[in-house]
Amino acid sequence: MATATMSSTSFQPASLPEDKYRGAVVEDLQLPPAFSVASNEAISRAIEMAYERDFSHIPVLDRNRRPLGYVDVAKLKTKWEARQAKPVRLLYFFSSDDKVSQYMTKFKRTSSEPYTIITPLTPLSELEDFLKLNIFALVTDQNRKFVLALATSDDLEEFVRRRGL
């Protein structure tokens, strides 16, 4: 009769680095749903929405919902307070705001700098690498049709703190 023995050591390939996030993905961050603004949105509305939701950056989309860039809310507020951005302008008795497109930072999209897709299933280790070079990540569906959330280095730090990793 043959007997099987179990080893108390587990197999760990020497070639794979240890994943400090233990296989967690972006979805595990439990990010709040993102909101975005159209490029022709009034800056007063964008600032109002950002403060209601406590967002520091707002994705800017074109009419086909394609990400064009982002607005840094703190920088926009500073320009507004210095009267360099005009929240309301009177023009023939109609009020109009400066548009978000005037103050957004455009995303760089070139063949040498392709758009990096970050989805809910992206490993946190990949997100961490992305955030070493970027201030935030747009979390989208695989086809980039919808902006689902924004992820920052602070979100990763909070995840590590909560999990005790």
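Let us start with Arg45, which is partly exposed at a relative accessible area of 34%; on this scale, buried means under 20%, exposed over 50% and partly exposed in between, with a 1.4 Å probe and protein chains only. The model is predicted, so local features need pLDDT of at least 70 and side-chain atom pairs pLDDT 80 or more, while totals for chains, interfaces and linings use all residues. Residues are numbered from 1 along each chain as its sequence is written, and side-chain values use heavy atoms, without hydrogens and water.

Arg45 forms a salt bridge with Glu48, their closest N and O atoms being 2.9 Å apart. A salt bridge here is a side-chain nitrogen of Lys or Arg within 4 Å of a carboxyl oxygen of Asp or Glu. Glu48 is also partly exposed, at 40%.

I turn now to Asp141, in the loop between β7 (137–140) and β8 (147–151). Asp141 is buried yet has no salt bridge. The nearest side chain of opposite charge, Lys145, is 7.0 Å away, where Lys and Arg count as positive, Asp and Glu as negative, and His and the chain ends are not counted. The backbone nitrogen of Lys145, however, lies 2.7 Å from a polar atom of the Asp141 side chain.

Note on methods
Helix = DSSP H or I, 4+ residues; strand = E, 2+ residues; numbered from the N terminus. Polar contact = N/O pair within 3.5 Å; in protein donor to acceptor, adjacent residues only side chain to side chain.
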